[in-house]
Amino acid sequence: MTPCRHFILLLLAFNGVAGRIHNIKIESDRREIIPLANFGLTKEGFIDFHVKSLQIKDHIDAKYGIVVESSQTQTASQYVETHINICTPESIANFDKHPKILNLVLSLDENESELKSKDMQKYGAAEWDISNLILTDLMSENQDAPSDGSFKVNYSSENSSYSFRFQIQVKAEEEGQFTFYFYRCPSEPLSYRSIVSYLFEANIIAKNGNSYLSAGEKPLTLLYTAMGVVYFAMFWVWMKVMIHYSENLFKIHYFMVALVFAKFLACILHAVDYYFIGSHGTPDQAWAVLWYIIHLVRGVLLFISLALIGMGFAFIKHVLSYNEKLILGTVVPLQILANVAYIIIDSSEEAEMNYGTWKKILIFVDLLCCGAIIFPVMWSIRHLQQATERSDNKTTLVLSQLKLFRHFYILVVVYIYVTRIALKFIEVVLPFQYAWCTNFMDEIATIVFFLITGWNFRPYVSNPYYKLVDEEDVVEMETLMVESETLRNRNVADEDMDNTLA
């Protein structure tokens with residue numbers, strides 16, 4: 001079986017669970033609180049929460065329940081997970097931002113069980129008038145819920161399991177980002193030897209009107225379609241430029257046109273993915289696999305193109321140094337790892353134990369790649385600065401190249417800061433229904449970056465970036481790089497010999 005087929009099978013294995021219809025299964029998880037799902041809910045929508053089975057197989061005395069949290073921003077809706085220990089609700093009082101929390105505690109009994117709301121305001125939670133929530137007990141015959149937020153819990157003696165189901169709708173004043181958690185609070189701290197054994201299975205369906213998309217995701221289908229049209233226009237213009245200046249083309253120009261085309265495909269496929277999620281609640285498997293493949297290709301092409309431009313490969317030199325080869329050999333595998341992490345995150349449920357780990361890996365590896373591509377630009381600037389120290393007739397050309405590289409360095413740093421850091425801060429303060437704005441700003445930043453980079457390094461004759469000083473300088477540079485690498489290999493061999501003799 002070829003590596004390509006292995007990769008496609010890997011994508012198929014991960015795909016199929018992402019969407020807005022959540023099928024969650026948690027078994028013997030030692031975490032006290034587990035995030036299940038989050039959704040931006042408007043007055044036209046509803047959230048159907050169905051716990052199909054809760055089987056408690058151990059004999060550990062513990063309290064079980066469901067927490068519903070509401071916030072007006074998308075990222076700030078997870079205070080319970082990141083700041084508050086629901087097992088010790090007194091911790092809410094020590095938190096400066098008091099979230100709205102609906103704590104539904106399970107009272108488990110074979111004869112009479114119920115899911116009852118616990119007052120969290122006395123612990124410091126924000127005031128939340130439950131009467132503004134339209135709660136429906138789908139397990140009861142009349143499908144009503146008492147005003148105090150209590151729900152019926154069914155017990156099955158066949159498999160000793162509990163089940164319940166309720167639906168949440170909101171009035172206009174209670175629209176927000178809703179996050180659901182399942183918690184299990186032991187009465188005493190567990191030792192590492194304690195055996196935890198339980199099974200929790202739930203199905204969560206969230207919908208806004210006719211769409212399964214969250215309030216902040218509704219415009220994304222149209223947004224990515226429009227961005228795809230823009231990238232296709234950029235691809236068409238770049239192709240025209242390449243045809244017109246065909247005698248001045250270098251390999252990097254083919255990488256750049258391939259990158260823009262890959263970005264066009266990625267936007268269109270992303271729009272298709274959101275269309276299927278909005279229409280059916282889950283992505284179409286075939287389209288999702290295509291989207292993941294193009295997303296991977298786009299990421300690799302982006303970092304290879306930026307690295308090669310920064311190295312000046314094929315323009316001011318024809319041989320890469322050892323360090324530059326090392327950068328390329330590091331960035332490409334890291335980008336593949338980052339995209340694998342993204343695929344796992346995008347196709348997994350939040351409740352899965354490794355979800356948070358892969359999210360941290362994605363952030364770390366992506367920032368590592370961004371930092372790595374800055375080094376070749378810095379090395380090229382340093383080499384050009386050394387070249388300007390020679391007082392000859394070539395200094396003017398070298399200064400022009402140095403100025404261009406400095407501009408490119410600043411451009412890359414600003415692009416990384418905006419897309420990887422600044423947008424995260426903006427996401428924190430944006431209202432939940434405007435979460436799509438961060439995607440829009442990310443695409444606008446990418447388009448501006450592509451346009452400026454394409455303009456600076458377009459293949460026209462007078463571009464100082466493409467002007468080699470003369471053939472003797474090229475030969476001298478390549479000779480020095482070859483000699484330097486030969487000397488380095490000889491030193492490594494000598495060290496290995498000394499270690500062997502020792």
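In the predicted model, strand 2 (33-41), strand 10 (176-186) and strand 11 (198-208) each contribute at least two residues to the lining of the second largest cavity. Strand 2 gives the most, with three residues. The volume of this second largest cavity is about 40 Å³. Its lining consists of His-22, Ala-37, Asn-38, Phe-39, Ile-47, Phe-178, Phe-180, Ile-204 and Ala-206. By class, seven of these lining residues are nonpolar and two are polar, with no charged residue.

The structure holds two cavities of 30 Å³ or more. The largest cavity contains about 60 Å³ of space. The residues that line the largest cavity are Leu-302, Phe-303, Leu-306, Cys-370, Ile-373, Val-412, Tyr-415, Ile-416, Arg-420 and Phe-449. Helix 5 (285-311) and helix 9 (395-429) are the elements that supply two or more residues to this lining. Helix 9 gives the most, with four residues. Nine residues of the lining of the largest cavity are nonpolar and one is charged, while none is polar.

Helix packing was examined next. Two packed helices are described by the angle between their axes and the distance between the axes. Helix 6 (residues 322-346) and helix 7 (residues 355-372) pack with their axes 9 Å apart, at an angle of about 150 degrees. Angles over 145 degrees count as roughly antiparallel, and helix 6 and helix 7 are therefore roughly antiparallel to each other. The crossing of helix 6 past helix 7 is left-handed. On the side of helix 6, the contact is made by Ile-327, Val-331, Leu-334, Gln-335, Leu-337, Ala-338, Ala-341, Tyr-342, Ile-344 and Ile-345. On the side of helix 7, the contact is made by Tyr-355, Trp-358, Lys-359, Ile-361, Leu-362, Val-365, Asp-366, Leu-368, Cys-369 and Ala-372. The contact of helix 6 with helix 7 comprises 17 nonpolar residues, one polar residue and two charged residues.

Helix 10 (residues 436-456) takes part in a contact with helix 4 (residues 251-280), where the axes come within 12 Å and cross at roughly 160 degrees. Helix 4 and helix 10 are therefore also described as roughly antiparallel to each other. Their crossing is left-handed. Helix 4 makes the contact through Met-256, Leu-259, Val-260, Lys-263 and Cys-267, and helix 10 through Glu-443, Thr-446, Phe-450, Thr-453 and Gly-454. The residues of the contact of helix 4 with helix 10 fall into five nonpolar, three polar and two charged.

Helix 10 also meets helix 3 (residues 220-244), and the axes of helix 3 and helix 10 come within 11 Å and cross at roughly 5 degrees. Angles under 35 degrees count as roughly parallel, and helix 3 and helix 10 are therefore roughly parallel to each other. In helix 3, the residues in contact are Leu-220, Leu-223, Tyr-224, Met-227, Val-230, Tyr-231, Met-234 and Trp-238. These meet Trp-436, Asn-439, Phe-440, Glu-443, Thr-446, Ile-447, Phe-450, Leu-451 and Gly-454 in helix 10. By class, the contact of helix 3 with helix 10 has 13 nonpolar residues, three polar residues and one charged residue. Among the residues of helix 10, Glu-443, Thr-446, Phe-450 and Gly-454 take part in the contact with helix 4 and in the contact with helix 3.

Technical notes
Residues numbered from 1 in each chain as written. Predicted model: local features only at pLDDT ≥ 70, side-chain atom pairs only at ≥ 80, totals over all residues. Heavy atoms only, no water. 1 Å grid on protein atoms, 1.4 Å probe; cavity = no way out; pocket = protein on both sides within 12 Å on 5 of 7 lines; lining within 4 Å. Points joined across faces, edges and corners; volume = space filled by probe spheres on them. Nonpolar A, V, L, I, M, F, W, Y, C, P; charged D, E, K, R; others polar. Axes fitted to C-alpha atoms, helices over the stretch in contact; angles between N-to-C directions. Parallel < 35°, antiparallel > 145°, perpendicular 65-115°, else oblique. Left-handed = near helix turned anticlockwise from the far one by under 90°. Contact = heavy atoms within 4.5 Å.
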